[in-house]
Amino acid sequence: MPMGLASLRHAPLLLVTALLASGAATAGDATAQTTSRDWLSYNGNHANDRFSPLSQINAANVNQLRRICTFSTDDTVAFQPSPVAAGGTLYFTTYNATYAIDGATCAERWRQVRPAKRPFLPVNRGVAYADGRVFRGTSDAHVLALDAATGHVAWDVVLGDGNKGESIPMAPIAWNGLLFVGTAGGDNFDVRARVYALDPATGRVVWRFDTVPDSGPAARTWLKRSAANPPTGGGMWTSLTVDTARGVLYVPTGNAAPDFVEQLHPGDNLYTTGILALEARTGRLLGFVQPIKHDFHDWDIAAAPALVTTRAGRSMLVAPGKDGLLYGIERSGIDRVASAPPGVRQMGGARDALYGTAGPNGMVVRYRTPTTTRSNTTTPLRSDRDTRFCPGSQGGTEWGGPAWNASLNMVFVNAVDWCTSVRLARLDTLRGAPGGAWTGDYQGGFGRQDPKDRWQGWLTAVDADNGQVRWKYRSRAPLLAPVTATAGGILITGEVTGDVLALDARTGRVLWRDDTGQAIGAGITPYEVNGAERFAVPTGINSPIWPVTGGPARVHVYGLR
């Protein structure tokens, strides 16, 4: 890696506004001790199970929810963060701005704006919080550390080349003195993603793992590699998962490219469309599973998997895919090697060069549960006519990962039921260029989506042990937002129609809804402030690929009457 990409630099303070009016934070407020009342990462905790232990709002009283306050930005973006709640403050991002607002009143505490060229998809999925700082990625592949009390930039490290199409839209995750983050852009020519561990105090790179290696046995799984057809893909889009008991980092990886042209990337294309298990301290490969093999539909594992221990005692990863399937993956092989003493771990059998210490069976898919319509999934794509397949390139589960309720032994996941038609470019005309899309469609994009009157969304509840469907809720439009579960026995999520809604987790019955007037594609955050449970609901999607009603990015706070 060129030294310039790993060099640390302090960015100039481009714009930080600190409000001194009533309701503004003091340094003590913003670094208050965090508890279970908080929501400290994109999916709430390191296990990424989107479960809150709060129960003040429950199935009996959720119909009394009302809007307490609203914070409106001036940003017209694809607003997709899950706000982080820490010590009474909400932190969230747009592609070029970071905000802190009072969790009780929605009063702005500070904002930090970093001027940047507006990307094709103006999206950022939020921050991580640790030790009085918030951390975020940028559309030109930087990572920033900001003082949580003031918004001042503590450091700015460069991890990629924005001119090539590399970016960091995912929300980082912090644990045990390390900050984990990965690069995206794998649908662009010659972009190979990487996952990093950084020192949160300085931004120094502690270790790096290439999801599409340049050398070694994994590189040999790209059978048609050449200068004109370089291995491409493996991006990370949402967040990562940490097993804190065993020190394992789970990394979901994106598709190989050109997305639709399997003829140019035959083979296993490691480590794309799968989940890596890495030793969090060192980045050493412990295992890899590839639920989606030989992909030619742009079907990533885009959402971070949830760690669950089922009612039957099974140690599982639950991972939804863009292919419209929810995968139940046993991880007991990873548990064993990660729990072994270090000396034993190094000597425990011949290390598999491709699949890591646990070998090819360290993670095993035990069930595949459909969450959307699936049709024409194996039909070859052609250059002389369109081929329609479901779910499409914008189908299945996008960035909104699963939620988990252990008392019910249920996993809940939203999905998009929307089909795509693709016609391939002729191979003799297909040329890649640095910074350009590398999909293989004859128009250069991601295919033609069905009309809106043919789209829908599903929220599916699944038994975590066997993958059986317990119930389903149908929406008349795609469900992009993640689902959030609470100890009050409810689920809360949003629809691109603009409705925020609460459902009974046991039955799927809708208990309450409210029309925000703006499409919702972001995660809803439960938290407690001043002794009262609240829900932070981000609204506003403005995107060239999602034909919905957007408007300025807003955060609405709901509570009981």
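A residue is called buried under 20% relative accessible area, exposed over 50% and partly exposed in between, with a 1.4 Å probe and protein chains only. This is a predicted model, in which local features need pLDDT of at least 70 and side-chain atom pairs count only at pLDDT 80 or more, while totals for chains, interfaces and linings use all residues. Residues are numbered from 1 along each chain as its sequence is written, and side-chain values use heavy atoms, with hydrogens and water left out.

The interior may be considered first. A nonpolar core is a set of buried Ala, Val, Leu, Ile, Met, Phe, Trp, Tyr and Cys residues joined through side-chain atoms within 4.5 Å. The largest such core comprises 39 residues, and Val143, Phe180, Val195, Leu198, Leu240 and Leu249 have the most contacts inside it. Leucine 249, neighbours within four places in sequence set aside, is in contact (heavy atoms within 4.5 Å) with residues including Phe180, Val195, Trp207, Leu240 and Leu276. Apart from this core lies another, of 33 residues, among them Ala47, Trp299, Phe389 and Leu430.

The aromatic rings come next. Rings of Phe, Tyr and Trp (its six-membered ring) pair if their centres lie within 6.5 Å; planes under 30 degrees apart count as stacked, over 60 as edge-to-face and the rest as tilted. The structure holds 18 aromatic pairs. Strands are DSSP runs (E, at least two residues), numbered from the N terminus. Because phenylalanine 71 belongs to strand β4 (residues 65-72) and phenylalanine 92 to strand β6 (residues 89-93), the pair ties together parts that are 21 residues apart in sequence. Phenylalanine 71 counts as buried at 7% relative accessibility, as does phenylalanine 92 at 0%.

Tryptophan 512 and tyrosine 558 form an edge-to-face pair, with 5.5 Å centre to centre and 75° between the planes. This pair links distant parts of the chain, 46 residues apart: tryptophan 512 is in strand β35 (residues 510-515) and tyrosine 558 in strand β38 (residues 554-560). Both tryptophan 512 and tyrosine 558 are buried.

Three bridges join β13 to the antiparallel strand β14 (residues 178-182), and tryptophan 175 stands opposite leucine 178 in β14.

Key. Helices (H or I, at least four residues) and strands (E, at least two) are DSSP runs, numbered from the N terminus. Two strands pair if DSSP finds at least two bridges between them.
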